[in-house]
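This briefing concerns a ligand, the residues around it and the pockets of the protein. Please look over the sequence and the model before reading the points below.

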Amino acid sequence: MSGYQGPMRVLSGIQTSGGMHLGNYLGAIRKFVDLQHEHECLYFLADMHSITVWQEPEKLRAQTFHIAAAYLAAGVDPNIATIFHQSAVRAHAQLAWIFNCVARLGWLDRMTQFKDKAGKDAERASVGLYTYPVLQAADILVYKATHVPVGQDQKQHLELSRDIAGKFNHDFNAPDFFPLPEPLIKGPGAKIMSLRDGSKKMSKSDPSENACIFLRDDADAIARKIKKAKTDPEPLPSEEKGLEDRPEAANLVGIYAALTGKSNAEVLAEFGGQGFGAFKPALADLVVDKIAPIGNEMRRLEADHAYLQSVLDGGAERAAAIADPVVKEVKDIVGFVA
Ligand code: TYM
């Protein structure tokens, strides 16, 4: 049990390595928007995580503005939440090194995302890709963040952050110096699946262009992707139990539920017995209604780098004001000379 006494603080980040998609929106960004009204929140652009795999420098810069635009267009308010890019706050890298010396190889060996991303040729993966979850722990703990809104795929990384926090507190006899951060995963949208394969999560790197709805897709692209979404020949069931063993149907119902704030059961009460010929157009209209305005606003914001840069600079300054004193304390605890 953690006896951490500090304030509740929410933090999360998104990599700047590809287009923002419906999974990022429902699993993360939408939660960011809701939480900012209730708690102190920091949301960053994980550009240092992005370079764990090769990024074209110009593309990386553009992607960083793209994610910043997504946050703002979705409703994250820079006057309420702190929005910044990770590389602008040196404390992340400073704490990450110390955490590299706290985390154990065996812990990192268990990380499934490394295995997925490195693939068969792990020898050729960057060292950064391997220690990626350690930097993630530093991102969180350098602000002593207590709560981390993420999708289901980040659960294991959050567990590692808790392990690192606990080991640091224990090894340095600094009880409750770091909180054990809680993931905020629950709720509809925590795991949005590919539109082409209900067993794979929706991902920007999916080779099939119809697998993933990007926030910047226009209405036609959204409608086309939903029309082409893989389904089965059965009509929708009237009860949730009927979605078992029907991953593609369950995913589409889940997206509808997440976007309307209804439960799966409520969606099925409305559409049970109907075929996908009726459900898909309703879903397409809903996604267009919710996502297309965000995409339009992103396009507008992305054309205004000066504004986005000013938001990020202001956020980085606020973030550093929290993080630098934490690093100073950590250095003292570790035994570095001031
Ligand atoms: P990233 O950039 O892969 O994803 C960003 C967020 O989107 C969520 N997500 C999904 N949610 C539901 N369904 C999906 N198909 C889906 N795909 C992605 C992710 O769970 C995540 O919340 N390691 C992190 C970035 C990070 C971070 C952090 C997060 C770096 N440092 C500190 C929290 C705290 C990542 O790669 O997310």
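In this predicted model, the residues of the shell around the ligand divide into 12 nonpolar, 12 polar and 4 charged. The points that follow take up the shell, the contacts and the pockets in turn.

**The shell around the ligand**
- The ligand has 28 residues around it, and those that come nearest are Tyr 132, Gln 136, Asp 139, Asp 153 and Ile 192.
- Strand β1 gives the most to this shell, with 5 residues.

**Contacts with the ligand**
- An oxygen atom of the ligand lies 3.1 Å from an N or O atom in the side chain of Asn 24, while a nitrogen atom of the ligand is 3.1 Å from an N or O atom in the side chain of Gln 154.
- For Ile 192 the atom concerned is a backbone N or O atom, which lies 2.7 Å from a nitrogen atom of the ligand.
- On its own the ligand has 710 Å² of accessible area, and the protein covers 97% of it.

**The largest pocket**
- The ligand sits in the largest pocket, which holds about 1300 Å³ of space.
- This pocket is lined by 44 residues, and Gln 113, Lys 117, Asp 153, Gln 154 and Lys 201 lie nearest its centre.
- The lining of the largest pocket divides into 14 nonpolar, 21 polar and 9 charged residues.

**The second largest pocket**
- The second largest pocket has a volume of about 360 Å³, and among the 20 residues that line it, Lys 191, Ala 250, Asn 251, Gly 254 and Asn 264 are the closest to its centre.
- Helix α10 (residues 247-260) gives the most to this lining, with 6 residues.

How values were computed
Residues are numbered from 1 along each chain as its sequence is written. This is a predicted model: local features need pLDDT of at least 70, side-chain atom pairs count only at pLDDT 80 or more; totals for chains, interfaces and linings use all residues. Side-chain values use heavy atoms; hydrogens and water are left out. A residue is near a molecule or strand if one of its heavy atoms lies within 4 Å of it. A polar contact is a pair of N or O atoms within 3.5 Å; within protein, one must be able to donate a hydrogen and the other to accept it, and residues adjacent in sequence count only if both atoms are side-chain atoms. Accessible areas come from the Shrake-Rupley method with a 1.4 Å probe; for residues, only the protein chains shown count as cover. On a 1 Å grid over the protein atoms alone, a cavity is a set of points where a 1.4 Å probe fits but cannot get out, and a pocket is an open set with protein on both sides within 12 Å along at least five of seven lines; lining residues have an atom within 4 Å of a point. A molecule sits in a cavity or pocket if more than half of its atoms lie within 2 Å of its grid points. Helices (H or I, at least four residues) and strands (E, at least two) are DSSP runs, numbered from the N terminus. Ala, Val, Leu, Ile, Met, Phe, Trp, Tyr, Cys and Pro count as nonpolar, Asp, Glu, Lys and Arg as charged, and the others, Gly among them, as polar. Grid points are joined across faces, edges and corners, and a volume is the space filled by probe spheres set on the points.
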